Structure formats: structure tokens, C-alpha cells
Amino acid sequence: MAILILRPNGDNSAGCNQQRSSGSYNYACVDEAVYDNTDYNCVSTTISPRRDHYDLPNHSSESGIINKVTVKATAAYTPPGSGSGSGTLTLSVRVNSTDYDDSGHSLSASQVEYSHDWPVNPATGNAWTWAEIDALIPGDNLEASGYYQYYDEKNNVVTVYTYSYDYQFYVEVDFTPSSNVNIDAPCAASSSQAFAPSITVEVSASCAASSSQAYAPLVGQGIAVSPPVATSSSQSYAPVISFGCVISVPTALSVSQAYPVLAGPVTSVDILSLCAISTSQAYKVSTTVLFHVILEGSYEVESQEINRAFVVGQDATTGFDVSGSVISQGEVDLVGERLEVQHDTSIGSAAVAASVAAAVLAHARLEGKKAAITISPHCGLELWDVVNIVDDGCNQLSNYRVTGYIFEYDLKNASYQHQIDLMAP
């Protein structure tokens, strides 16, 4: 579990009616992360009770199941001299223009933190959603009662009232985060093997269970999957379960048997193992094709790397120049020759010069061929894989090795995506 703390960042238009010790806004008197009692909101007997409502910032990247919402406040009251008095703090959440109060807390003269939990949305009776957290308006109601009167030196009646104070206020959201995992299915599956990962992101797996069998399931949010086992050597299948849907695409082997397949948004589905599958079975499927396309791409260096290296040395005996050259003919045919010439008198033969030229060209390719691309989730991609990139913009086709990747959720566009860092293989 995890805790998200939300502190007031504004006075809500529903009203802030308590007296503040300073400043222009009530929330600023109770929003501190480190507790202090130098500023506060309060009420006295003469203006009791009074309620405050506060704005909160929206959550950011948090996701998962919300277990409860807790409103907390540190409060106290001051008794009226030698007279009697009391104070009360009521914590609340406002949902759809309605305040939902707890049963209230009797204050003491000591500054104490009080809290109340709302495990579900009191307006709906259902578990909280993140949209409801963003719309939440918490608050509190302060009450004070009692007073003490005495005569001053001029025989005037002096009245001392009870005051109730709120020193600090915030909201805690207790939630179970969504898992971000990458699961590979076991390979060389036998009749005794099965797996059922329950996961919350797209993952991929690939293996060959028999001489001609292979499967590569893509598993979506909240879906538990067990692959078929004990298949015959003549069968192959490639089930696909995309994000938020269950889609199975096995190969049709005959027409004597069919299995219906779920397709569409789901939250939790368990696909049971299909055992002892023979060549007489087939499947009736409903499919959704998931294409992986490059969303964005950029080269870290704009200039093209060299495709020919020419190294010139000097024969130590005769003093004549010696040279060696290495060329990448395919790139020269495509974009023309980009030559780099280096002179080094310590190179004493043409063979050494050619070897150095090859090293120069290889180094240039490693340093120059770099890129970063953003794609929709590619579940089979792994670190150090070699990928082939076709760049129609500059008519180039190149191989790159994956040196890093980031899997993230784009909140603005409501989509998952991979950022892939590439370099020359």
C-alpha cells in the first residue's frame, strides 16, 4: 500500500467562515507540511459554529485501487478563565455539493491530531475513484461554547469566551499501486506446466513448447492467463490479449470444434488451460489487431557518420607514404561518399593503415548511429535486442541495438508508450 498526502491549496467557493489568525486566506493558516501553531483558524462562543471548505491539488501519476480517504486536523480549545466551556471539531468531505460529517471530536486544551476514515465514497457507497479524489472538497466545522465573566478595576463586566482552534489540516489517500511488471512465460512447456500471471500492464512471452509449437501471448490489465499445454507437434497458435481486452487468435486446424473468445473491455478475466489439443480442434475467434508504430523519433546527431576512412602512414625504411582505406559501399551508394582522412607517421605499412582505417570507420559508426524513438507498447522488446528502423524521411534503413527503454503512461493522451534508446549494433 501507499499513502498520497494532499494539503489545502485554496479556499473553496463553498465557503471558509472561520476566523484566521493572519493573511488573506484560511487554507494558508493550516496547510504547512511541518506542524506549527503560529497560525491557525478559530471560532469563539459568539460566532460558533463555523465551517471551512478547502481545495486540494489533483493527484499526479498515482494509480491503483483506493482503500480509504482519511481527513486529519490538529485542534484544541481554550477554556474561559475559571469558567466552564468546551470545543468540538467535526471533520467532513464534500461530494456533489453535500457535506458528509463524521460524529465529531471533543477538543481538549492540548493540541491533538484528530482523524476520520471514509473507506468508500459516502455519496455512492462505492470505492473511491481517482476522478472523485480530484473533485474532493474536504473541510471541518469548529464549535466553541462557554464563557466566564468578572469585574475589572472600574467595576465593568468583562466576558472571556471559549475559543476552538484548527492548526493543521490535510487529507491522506491510502491506495494499492498498480504494478508495472514484465513477465516472460516459461519455455519448453510440457503437459505438466501452466502459468497464470495476474498483472496490470501489457507483457509478452514467447517460447517453443514442441517441435512446431510456439505462442506469444500479450497480456492486458487485470487479466490472468494460463496457456494451453500438452499440444501436438502439428499445432501452432498465437493468442493475443491486448490492453483492456481478451483476444485469442489460435490457428484454425479444422472445423470440428470451436471455442468462443471474449473480446472487449474487461477488468478481470481468467482464461483456463486448454489441455490435450489435437489436430481436430479449431477456434472461433473475435480479434482486434494491435499495431506497433513509431510515434516519435529523433537522431541524437544530425550529421551523417562517415562511410569511408583513408589512413596515410610512412614507411620507416624508405620514407614513402603508405595508405589503407575501408569503405561502406552500401551507404556510399545510398547517400554518397563521406570521407575522413587521417595521417599518422607511426603507421609503417599499408596493411596496418588498412587495419586502422577499419577501426576508424567502426568507431565512427558506433559513435554516430544513435537514436531515440517513442512507440506504443511493444511487449516482445528486450534490452540489447537489435531492431531494424526504416526512416522514410531520409530514405535510410539501419539496424540499432536497444540500450535502454522507459515504459510510461501518457496521462494527457490516456495511452501507454515505450521510449526506446538506440545505438549501432
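A charge is taken to sit over a ring if NZ of Lys or CZ of Arg is within 6 Å of the ring centre and within 35 degrees of the ring normal. In the predicted model described here, the charged end of R7 sits over the ring of Y170, at 4.9 Å from its centre. Local features in this predicted model need pLDDT of at least 70 and side-chain atom pairs count only at pLDDT 80 or more, whereas totals for chains, interfaces and linings use all residues. Residues are numbered from 1 along each chain as its sequence is written, and side-chain values use heavy atoms, with hydrogens and water left out.

The protein contains three helices and 29 strands, where helices (H or I, at least four residues) and strands (E, at least two) are DSSP runs numbered from the N terminus. Of the 425 residues, 38% are buried; buried denotes under 20% relative accessible area, exposed over 50%, and partly exposed the range in between (1.4 Å probe, protein chains only). The accessible surface comes to about 22100 Å², with 52% of it belonging to carbon and sulfur atoms; such areas come from the Shrake-Rupley method with a 1.4 Å probe, and for residues only the protein chains shown count as cover. With contact defined as heavy atoms within 4.5 Å, residues 24 or more positions apart account for 64% of the contacts with a separation of 6 or more.

Aromatic pairs were assigned to rings of Phe, Tyr and Trp (its six-membered ring) with centres within 6.5 Å; planes under 30 degrees apart count as stacked, over 60 as edge-to-face and the rest as tilted. W130 belongs to helix α1 (residues 130–135) and F175 to strand β14 (residues 163–177), so that the pair links distant parts of the chain, 45 residues apart. Both W130 and F175 are buried. The pair of Y163 and Y165 is stacked, because the ring centres lie 6.1 Å apart and the planes meet at 25°. Y163 is partly exposed at 28% relative accessibility, whereas Y165 is buried at 13%. Y163 and Y165 belong to one aromatic cluster together with Y40 and Y167.

Six salt bridges are present, each defined as a side-chain nitrogen of Lys or Arg within 4 Å of a carboxyl oxygen of Asp or Glu. Among them, D99 and R51 have their closest N and O atoms 4.0 Å apart. D99 lies in strand β8 (residues 98–101) and R51 in strand β5 (residues 50–55), and the pair therefore ties together parts 48 residues apart in sequence. D99 is partly exposed, at 25% relative accessible area, while R51 is buried at 17%. R51 and D99 are also linked with R94 and D101 in a network of salt bridges. In a further salt bridge, E172 pairs with K72, the closest N and O atoms being 3.4 Å apart. This pair links strand β14, which holds E172, to strand β6, which holds K72, across 100 residues. E172 is buried at 17% relative accessible area, as is K72 at 15%.

N307 occupies the loop between β22 (294–299) and β23 (308–314) and is buried, with a relative accessible area of 0%. Beyond its neighbours within four places in sequence, the contacts of N307 include V326, I327, E331, R338 and L361. The side chain of N307 also reaches the backbone oxygen of G336 at 2.9 Å.

Terms used. A polar contact is a pair of N or O atoms within 3.5 Å; within protein, one must be able to donate a hydrogen and the other to accept it, and residues adjacent in sequence count only if both atoms are side-chain atoms.
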